[in-house]
Amino acid sequence: MPSRTNRASASPLFVPRKSDRRTARAARDQFAVARGKARHAGRPESRPTAPGLDPDLRATYPPAGRPGDASARGGKLKLPSHRMTTAVAAGAYPFLAEGGLGAQGIYVGRDVHAEAAFTYDPFALYGRLDGFTNPNILLAGVIGMGKSALAKSLALRAVAFGYRIYVPCDPKGEWTIVAHELGGQTIALGPGLPGRLNPLDAPTRPAGVSEDNWRTEVRKRRLLLLGSLAKTVLRRELHPMEHTALDVALDQVVTHAETTGATPLLGQIAYVLGSPEQLDGALGELSGRLGQAAEDLAHALRRLVHGDLAGMFDAPSTVAFDPAAPMLSIDLSRLGGAGDDTALVLAMTCASAWMESALSDPAGGRRWVIYDEAWRVMRHVALLERMQSQWKLSRGLGIANMMIIHRLSDLLTAGDAGSRGRALAEGLLTDCSTRIIYRQEADQLAASAALLGLTGVETQAVSALTKGRGLWKVAGRSFITQHLLHPRELELFDTDVRMTA
Ligand SMILES: Nc1ncnc2c1ncn2[C@@H]1O[C@H](COP(=O)(O)OP(=O)(O)O)[C@@H](O)[C@H]1O
Ligand SMILES: [Mg+2]
């Protein structure tokens, strides 16, 4: 009769009665091993390895937690039950992961600490999260860490939620393929390309705004645009007389355009600014002085009419804004990156003015405006000024802005401490309730920590982030998140092609 423990029948494991002790023990051990193996044979492997998944992205432990003794589930430790509030519990046991932002929103990837899915939607969080006062996002990180990939995937996934995506400045032309795949529009601007945008286009009047109010609004926007363009080229603030000259020139051109039923053009404004008799005629008492004061302005605007940007922004637009298209990007990659970025800044000023006026309809639904490679334009105060006034409006219009830069110190290049440029850049930072920090250079860590108020642990985490992994500061709450890409997205967003091909 088989013994109680050895229920196997025929086998080399059968322990003959007359064997000596040592062989008996060896046989029993062998049997125990075989029995263990048999018990586990039917089970699936605890950690299935999905083919193609980056080993870096696989969960460290199976869903059941750490295996073996480390699971601390031996059951040897018996403590009396104790009741406390969660606040006290968090103090007594501080090794807790964040609870997450809830399941509402766009899937981003994995919350590395909580090992849970991470979702995010600025519109869903607004009003639900303390201190979340605006839907804007700042994304900073060194080149190649996947900032654009994150922005593109947020954009792509947001379209599924009915949001529309606008990219007013794409200096690398990498958004074109995304717009194409989503069934959106791309306008490519550059020397020799047929695309034209007239930044003085008047957007259609939103319902509920009176004719008069709208005229004033359009005039204000056009003046702001002309002012920014002039300031960017002249690299200084405008004098009071110059403001007057812009005013007068704009009014003359608009009055003329209205009688002929055309839209005003930058070239016409440059022409009026360059004709002293026309300017002086409009303002009798300053006779002879306004024309002179406008000389610099005339030359500044000339760059857009006859200089390296000739034609692009000085003709009727070749495309109409389609408010129903899911995405619109403006490809500025053919502008040429030589020299300073002034051409890019001027082009971006015109392009974003054109786009923003089209976005001024509060009934246009929820929209994202993404400024990729924004660090290239941070030095230009006039552009920052326009950006900030646009951001102030955006909340009321249902627009979330996303600004992508390399280092946080890019924000500081706008001017010295206490200067207007610096104040504007810092204002933009405050206007971002969500800050996503990808890896920063070692020499940038201290500055970043100071600007964002990072803790020591967070600073250390930022220095060790890998591709696609970022520290998300959402209104004071922190997450380390691994952005996960669908294989199709990976193919679509690949900016390394030219490097690896
Ligand atoms: N989360 C991710 N997982 C895997 N690959 C990624 C991820 N994010 C980005 N990449 C890849 O890394 C490369 C560089 O990303 P990119 O977004 O262009 O970087 P950045 O804009 O920060 O310079 C791209 O080819 C992209 O496909
Ligand atoms: Mg990029």
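Colleague: Which helix gives the largest share of the shell around ligand 1?

Modeller: First, the conventions: this is a predicted model, in which local features need pLDDT of at least 70 and side-chain atom pairs count only at pLDDT 80 or more, while totals for chains, interfaces and linings use all residues. Residues are numbered from 1 along each chain as its sequence is written, and chains are lettered from A and ligands numbered from 1 in the order in which they are written. Helices (H or I, at least four residues) and strands (E, at least two) are DSSP runs, numbered from the N terminus. Here helix α4 (residues 147–159) supplies the largest share of the shell, three residues.

Colleague: How many residues surround ligand 1, and which are the closest?

Modeller: A residue is near a molecule if its C-beta atom, placed from the backbone, lies within 6 Å of it. Ligand 1 is surrounded by 17 residues, the closest being Gly146, Lys147, Ser148, Ala149 and Gly468.

Colleague: How is the nonpolar core to be read, and which residues have the most contacts inside it?

Modeller: In soluble globular proteins, nonpolar side chains tend to be buried together. A nonpolar core is a set of buried Ala, Val, Leu, Ile, Met, Phe, Trp, Tyr and Cys residues joined through C-beta atoms within 7 Å. A residue is buried if 20 or more other C-beta atoms lie within 10 Å of its own, exposed if 12 or fewer, and partly exposed in between, with C-beta atoms placed from the backbone. The largest core in this model has 115 residues, and Leu301 and Ala347 have the most contacts inside it. Helix α12 (residues 342–358) gives the most to this core, 11 residues.

Colleague: What is leucine 301 in contact with, beyond its neighbours within four places in sequence?

Modeller: Two residues are in contact if their C-beta atoms, placed from the backbone, lie within 7 Å. With those neighbours set aside, leucine 301 touches Leu229, Ala230, Leu266, Ile269, Ala270 and Leu273 by this criterion.

Colleague: Where is arginine 235, and is it buried or exposed?

Modeller: Arginine 235 lies in the loop between α6 (211–234) and α7 (240–260). Arginine 235 counts as exposed because it has 11 C-beta neighbours inside 10 Å. Its phi is positive, about 55°, although it is not a glycine.
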